[in-house]
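Please load the model in your viewer and follow the stops below in order, selecting each group of residues as it is named.

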Amino acid sequence: CRQSDNDNETIEQIDEDIAVTQSQMNFICPITQMEMKKPVRNKVCGHTYEEDAILKIIQNRKQQKKKVRCPKIGCSHVDVKESDLVPDEALKRAIDSQNKQRWSTLDKSDAATKEICY
Ligand SMILES: [Zn+2]
């Protein structure tokens, strides 16, 4: 029981680490470097940002009468407008479900261990 249990656990943990690292990349706002709570997508270049963060930048630049460069590294879009931003519901759902999954995966592996060993 213990031997096979340990093997399973190791494989699961590695898989999970890779999955989390990969998906988190897309969930991280290029401005705040944090997971987005209200992601908005730029219709022009397709990048997503945290809504509050990008709006703050747009407002600051507007006061200086300057154009807003897309904060995503490597993006050549240099005229980000508030009207080009649309709420990214699909991404928001993905973030929400990943957060839920993270917890339910922990619950499940706990339950599975108990089930096998008792
Ligand atoms: Zn961009």
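## A tour from the fold to the metal site

Start with a cartoon view: from the N terminus on, the elements of the protein run α-β-β-α-β-α, where helices (H or I, at least four residues) and strands (E, at least two) are DSSP runs numbered from the N terminus. This is a predicted model, in which local features need pLDDT of at least 70 and side-chain atom pairs count only at pLDDT 80 or more, while totals for chains, interfaces and linings use all residues. Residues are numbered from 1 along each chain as its sequence is written, and side-chain values use heavy atoms, with hydrogens and water left out.

Next, select the zinc ion together with Cys45 (SG), His47 (ND1), Cys70 (SG) and Cys75 (SG), its protein donors, which lie 1.9 to 2.3 Å from it; donors here are N, O and S atoms within 2.8 Å of the metal (3.2 Å for Na, K and Ca), and water is not among the atoms, so sites may look incomplete. Along the chain these donors follow the spacing C-x1-H-x22-C-x4-C. Now select His47, in the loop between strand E1 (39-42) and strand E2 (48-50), and Cys70, in the loop between helix H2 (51-63) and strand E3 (85-87), so that you see a pair tying together parts that are 23 residues apart in sequence.

Colour these two by accessibility: Cys70 is buried, with a relative accessible area of 4%, whereas His47 counts as partly exposed at 21% (buried means under 20% relative accessible area, exposed over 50%, partly exposed in between, with a 1.4 Å probe and protein chains only).
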